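This report describes selected features of one protein chain. The sequence and the structure are shown first, and the description follows.

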Amino acid sequence: GYVLAGRRSRQTLGILEYAVVTYGVAAAVLAIACVAAGTPLAGYPTATWWAIAGVVVGPQLLGHTMINFVLADIDAPTVSMAVMAEARPSFLASTR
């Protein structure tokens, strides 16, 4: 569903507009879920904030944004297959 919705949205939205809306909605939903579950959103050590920043910059901004970027030109099934195929080499590299 996510890739298909992204493909449709990317036909009319630029990558910046798409990313701001998509990541903004995801952040809002996550914040609501954290508040509802009573999960603290502050008070973590500096090292934890650096780890969160690394996850945001690496996999989120670079990885997901690149996937969403290509959805304007490549069909959703092809993008989905490429994403699924990426997991195997990553897993094998992580087990060595």
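A surface patch, as the term is used here, is made of residues with over 30% relative accessible area and no salt bridge, and nonpolar side chains are joined into one patch when they lie within 5 Å. The model is a predicted one.

**Nonpolar patch and aromatic pair**

Seven side chains need to be named for the nonpolar surface patch: Tyr44, Trp49, Ile52, Val56, Val57, Leu61 and Leu62 together make an area of about 610 Å². Tyr44 is located in the loop that runs between helix H2 (15-37) and helix H3 (46-70). Its relative accessibility is 33%, so Tyr44 counts as partly exposed. Trp49 is likewise assigned to the partly exposed class because its relative accessible area is 40%, between the limits of 20% and 50%.

How many aromatic pairs does a search of the whole structure find? The search returns one. Tyr44 and Trp49 form this pair in an edge-to-face arrangement, with 6.0 Å from centre to centre and 75° between the planes.

**Helix H2**

The length of H2 can be checked against its residue count. With 23 residues at 1.5 Å a residue, H2 should span 33 Å, and the end C-alpha atoms are 32 Å apart, so the two values agree. Just after H2, Gly38 adopts a positive phi of about 75°.

The buried residues of H2 are Tyr18, Ala19, Thr22, Tyr23 and Cys34. These buried residues pack against helix H1 (2-10) and against H3. Tyr23, a residue of H2, has a relative accessible area of 17% and is therefore buried, the cut-off being under 20%. Leaving out residues up to four places away in sequence, Tyr23 touches Gln60, Leu61, His64, Thr65 and Asn68. One of these contacts, Leu61, also belongs to the nonpolar patch. The C-alpha atoms of Tyr23 and Ala36 are 13 residues apart along the chain and are separated by 20 Å.

Asn68 lies in helix H3. Which residues does Asn68 touch, not counting those up to four places away in sequence? They are Tyr2, Arg10, Ile15, Tyr18 and Tyr23. Among them, Tyr18 and Tyr23 are buried residues of H2. Asn68 itself is buried, with a relative accessible area of 0%.

Val79 is placed in helix H4 (residues 76-94). With a relative accessible area of 5%, Val79 is buried. Apart from neighbours within four places in sequence, Val79 is in contact with Val3, Ile67, Val70, Leu71 and Ile74. Val79 and Tyr2 are 77 residues apart along the chain, yet their C-alpha atoms are separated by 11 Å.

The accessibility values given above are collected in the following table.

| Residue | Relative accessible area | Class |
|---|---|---|
| Tyr44 | 33% | partly exposed |
| Trp49 | 40% | partly exposed |
| Tyr23 | 17% | buried |
| Asn68 | 0% | buried |
| Val79 | 5% | buried |

Technical notes
Residues numbered from 1 in each chain as written. Predicted model: local features only at pLDDT ≥ 70, side-chain atom pairs only at ≥ 80, totals over all residues. Heavy atoms only, no water. Patch = residues over 30% accessible without salt bridge, like charges linked within 9 Å, V, L, I, M, F, W, Y side chains within 5 Å. Areas by Shrake-Rupley, 256 points an atom, 1.4 Å probe, with all protein chains shown as cover. Salt bridge = Lys/Arg side-chain N within 4 Å of Asp/Glu carboxyl O. Helix = DSSP H or I, 4+ residues; strand = E, 2+ residues; numbered from the N terminus. Buried < 20%, exposed > 50% of the residue type's maximum accessible area, 1.4 Å probe, protein only. Expected span 1.5 Å × (residues − 1). Contact = heavy atoms within 4.5 Å. Phe/Tyr/Trp six-rings, centres within 6.5 Å; stacked < 30°, edge-to-face > 60°.
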